[in-house]
Amino acid sequence: MLAVDAVRSGYGSIPVLTGLSLTISEGEFVGILGHNGMGKTTLLKTLIGILPVTGGRISFSGGDVTRAPAHRRARMGMGYVPQGRGILPGLTVRDNLLFAAAAVGARGSDRLEAVLEDFPRLRNYLDRPGGALSGGEQQLLALARTLIQKPQIVLLDEPTEGIQPSIIDEIVDKLKALRQRGGLTILLVEQNVDFIRALSDRVLLIQKGTIVNEFNVEALTDSTAMGDFSGVEH
């Protein structure tokens with residue numbers, strides 16, 4: 001579904017991704033771990049089209065999207081939940097969801113009820129500004145806003161950052177259910193090892209802008225692998 005071949009990207013003259021390659025098959029949940037500053041968020045921003053590719057190639061669903069703008073990638077089925085959630089705080093929960101649907105040319109009214117069935121907690125807040133929600137509720141809104149677009153793949157950036165454990169468990173359960181029901185594909189950037197272990201089929205380690213290792217999820221229980229990923233010495 002997604003193939004990244006020797007991709008380079010960064011911020012102006014500052015290189016961050018230095019020839020990164022990876023592949024993700026349809027229906028896979030793939031996690032990416034790494035220390036801060038190694039290129040995790042830059043990778044997702046490059047895949048969705050926020051940052052330009054300066055070298056290499058990105059293919060999605062059999063097509064070359066290396067130079068495609070972000071809105072075209074979204075309409076092709078790439079969903080993105082940014083770090084910090086990125087909701088529109090002045091809009092109501094309902095309008096956040098309807099706006100997201102309209103952005104991919106869909107009738108939000110046709111999709112709103114379905115996404116609320118998946119995220120029933122949001123039903124009570126439809127007329128509340130997004131910025132008035134708790135951090136965990138904002139993360140649920142960010143997920144729902146992406147999923148209302150019916151993406152083929154979701155790029156998730158640090159979804160557990162700053163939210164309560166009960167919401168984290170809810171996110172895990174919801175993503176597992178959506179995968180079982182509809183074959184969702186996810187690329188997950190996360191530093192919470194328990195969360196990434198709960199969801200991922202395999203985990204990639206990123207260092208200095210490139211993938212340097214791949215682990216089965218079971219390897220995350222090994223003390224050496226845990227040290228590699230979390231920076232903790234054992």
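Modeller: A salt bridge is a side-chain nitrogen of Lys or Arg within 4 Å of a carboxyl oxygen of Asp or Glu. This is a predicted model, in which local features need pLDDT of at least 70, side-chain atom pairs count only at pLDDT 80 or more, and totals for chains, interfaces and linings use all residues. Residues are numbered from 1 along each chain as its sequence is written, and side-chain values use heavy atoms, with hydrogens and water left out.

Biologist: Which residues are linked in a network of salt bridges?

Modeller: The structure holds 9 salt bridges. A network of salt bridges links Glu28, Arg202 and Glu214.

Biologist: Arginine 121 forms a salt bridge with glutamate 170; how many residues apart in sequence are the parts that this pair ties together?

Modeller: The closest N and O atoms of arginine 121 and glutamate 170 are 2.6 Å apart. Arginine 121 lies in the loop between α4 (108-118) and α5 (135-147), and glutamate 170 in helix α6 (residues 165-182). Helices (H or I, at least four residues) and strands (E, at least two) are DSSP runs, numbered from the N terminus. The pair therefore ties together parts whose separation in sequence, in residues, is 49.

Biologist: Is aspartate 194 buried or exposed?

Modeller: Buried means under 20% relative accessible area, exposed over 50%, and partly exposed in between (1.4 Å probe, protein chains only). Aspartate 194 forms a salt bridge with arginine 197, and both lie in helix α7 (residues 193-199), 3 residues apart, about one turn of the helix. Arginine 197, at 25% relative accessibility, counts as partly exposed. Because its relative accessible area is 54%, aspartate 194 is exposed.

Biologist: What is the N to O distance in the salt bridge of aspartate 64 and arginine 57?

Modeller: Aspartate 64 counts as partly exposed at 39% relative accessibility. Arginine 57 counts as partly exposed, at 39% relative accessibility. Their side chains meet in a salt bridge, with an N to O distance of 3.3 Å.

Biologist: Within what arc do the buried residues of α4 fall?

Modeller: The buried residues of α4 are Gly108, Leu112, Val115, Leu116 and Asp118. They line one face of the helix, and the face turned away from this buried side carries the exposed residues Asp110 and Glu117. The arc is that of the directions from the helix axis to the C-beta atoms. Seen down the axis of α4, the buried residues fall within 140°.

Biologist: How many of the 9 residues of helix α1 (residues 40-48) are buried?

Modeller: Helix α1 is largely enclosed by the rest of the structure. The buried residues in α1 are Lys40, Thr42, Leu43, Leu44, Thr46, Leu47 and Ile48. Of the 9 residues of α1, the buried number is 7.

Biologist: What accessible area do Leu88, Leu91 and Phe99 have together?

Modeller: Patches are made of residues with over 30% relative accessible area and no salt bridge, with like charges joined within 9 Å and nonpolar side chains (Val, Leu, Ile, Met, Phe, Trp, Tyr) within 5 Å. Accessible areas come from the Shrake-Rupley method with a 1.4 Å probe, and for residues only the protein chains shown count as cover. Leucine 91 is in the loop between β6 (78-81) and α3 (93-103). Leu88, Leu91 and Phe99 form a nonpolar patch on the surface, and together their accessible area is about 250 Å².
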